[in-house]
Amino acid sequence: RVCMALGVNQILQGLSYYCIVHTLVENRSPSAGYALVIIFQGAAVAVAILDVAGLSRRSILAMQAVGALPAFLAAMAVHGTKRSEHGVIDPNAVYPTTPAMFLLQALWLPP
């Protein structure tokens, strides 16, 4: 059961990142991108509340907030980056939130 909960959470994280790339980068539709990230992260919170036993809801919500922040930081970084006149993101763009995203993702992973 624990492995299933972790696996579903990782699938939802992957879907969040896919939605960021597809909606914010390729289609340039930030409202749809943010909405999908909120939906998938909300589903991750629901799965955690249903499957994680022995922790208070506050602890579960704090744990999931740490897991959801990297996806939101990635969405904000991609949404705020400069584009060319054709709408293409510069491949040499600097994303200052990248270290925080990796750190938060590593903090979320179970020991």
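**Confidence.** I began with pLDDT (the predictor's confidence in each residue, from 0 to 100): the protein chain averages 87, and 98% of the residues score at least 70. I noted that this is a predicted model, in which local features need pLDDT of at least 70, side-chain atom pairs count only at pLDDT 80 or more, and totals for chains, interfaces and linings use all residues. Residues are numbered from 1 along each chain as its sequence is written, and side-chain values use heavy atoms, with hydrogens and water left out.

**Helix packing.** I looked up H1 and H2, which pack at about 175° with axes 8 Å apart (axes are lines fitted to C-alpha atoms over the stretch in contact; angles run from 0 to 180 degrees between N-to-C directions). H1 is therefore roughly antiparallel to H2 (angles over 145 degrees). In their contact (heavy atoms within 4.5 Å), the H1 residues include Leu-12, Cys-19 and Ile-20, and those of H2 include Leu-36, Phe-40 and Asp-51.

**Largest pocket.** I recorded a volume of about 340 Å³ for the largest pocket (an open set of points on a 1 Å grid over the protein atoms alone, where a 1.4 Å probe fits, with protein on both sides within 12 Å along at least five of seven lines; lining residues have an atom within 4 Å of a point; the volume is the space filled by probe spheres set on the points, which are joined across faces, edges and corners). Of its 18 lining residues, Ala-5, Leu-6, Val-52, Met-63 and Trp-108 are the closest to the centre. Helices H1 (2–26), H2 (30–51), H3 (57–80) and H4 (98–108) each supply at least two lining residues.

Methods. Helices (H or I, at least four residues) and strands (E, at least two) are DSSP runs, numbered from the N terminus. Angles under 35 degrees count as roughly parallel, over 145 as roughly antiparallel, 65 to 115 as roughly perpendicular and the rest as oblique.
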